[in-house]
Amino acid sequence: MLTTMILSIIMMISIFVLIWSAVALIQQKKFFATAPKDIQDAIIEREERFKGARLLGYIIGIVCIISFIGAFIYGAYDGIAYSYSLVMFFIRFIIMLYLYKAFDIIFLDWFLLTKTQFYQHYYPETKDCAGFHQFGFNRKEQTIEIIIYPFIALLLAIICNLL
């Protein structure tokens, strides 16, 4: 269980740092495709903050994606090493996915978007956007993910059990 919690924390840190690198370093409008519509419309394209900022942002982003995926790979490897059953794998992966989803909804969508000035710091032109006060703007997408996570966890568990 400790390993599962540590892997979940790695996933949470990875996704936060990925978002930070996209917002602070890469600074391209295409990374705001999931933001509320008024925020997307208000954002203007930016020059690099400093020479090499975008490259650094992409490198950090790639490391974060590898870390995120690596958490699942290590979770599978560890489970195989300890002869996990299908149910044990399923429980590990469902915990990881739902902890990540809770972090996404509570920290990223509610706290970071609606309670802080994180995005407005890097994009001051979005300061007065109503989207920063619309918690739940992506409710449909979040609900779909919550519904499909057990199936993803089961698929991962089956794959790991076959290995």
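**Entry 1: α4 and α6**

I began with how α4 crosses α6, and I found a right-handed crossing. I keep in mind that this is a predicted model. The two helices, α4 and α6, pack at an angle of about 150°, and their axes lie 8 Å apart. Angles over 145 degrees count as roughly antiparallel, so α4 and α6 are roughly antiparallel to each other. I then sorted the contact of α4 with α6 by class and got 19 nonpolar, two polar and four charged residues.

**Entry 2: α1 and α4**

Next I looked up α1 against α4. Here the angle is about 35°, with the axes 9 Å apart. α1 passes α4 in a right-handed crossing. On the α1 side I noted contact residues including Met5, Met11, Ile15 and Phe16; on the α4 side they include Arg92, Met96, Phe103 and Leu112. By class, this contact of α1 with α4 has 15 nonpolar, three polar and one charged residues.

**Entry 3: the core**

Which residues have the most contacts inside the largest nonpolar core? I found Phe93 and Tyr119, in a core of 37 residues. The elements giving two or more residues to this core are α1 (2-26), α3 (53-81), α4 (86-115), α5 (118-122) and α6 (139-162).

**Entry 4: Phe93 up close**

What does Phe93 touch, leaving out residues up to four places away in sequence? I listed Phe72, Gly75 and Ala76, and then Ala153, Leu156, Ala157 and Cys160.

Note on methods. Residues are numbered from 1 along each chain as its sequence is written. This is a predicted model: local features need pLDDT of at least 70, side-chain atom pairs count only at pLDDT 80 or more; totals for chains, interfaces and linings use all residues. Side-chain values use heavy atoms; hydrogens and water are left out. A nonpolar core is a set of buried Ala, Val, Leu, Ile, Met, Phe, Trp, Tyr and Cys residues joined through side-chain atoms within 4.5 Å. Buried means under 20% relative accessible area, exposed over 50%, partly exposed in between (1.4 Å probe, protein chains only). Helices (H or I, at least four residues) and strands (E, at least two) are DSSP runs, numbered from the N terminus. Contact means heavy atoms within 4.5 Å. Axes are lines fitted to C-alpha atoms, for helices over the stretch in contact, and angles run from 0 to 180 degrees between N-to-C directions. A crossing is left-handed if the near helix is turned anticlockwise from the far one by less than a right angle, and right-handed if clockwise. Ala, Val, Leu, Ile, Met, Phe, Trp, Tyr, Cys and Pro count as nonpolar, Asp, Glu, Lys and Arg as charged, and the others, Gly among them, as polar. Angles under 35 degrees count as roughly parallel, over 145 as roughly antiparallel, 65 to 115 as roughly perpendicular and the rest as oblique.
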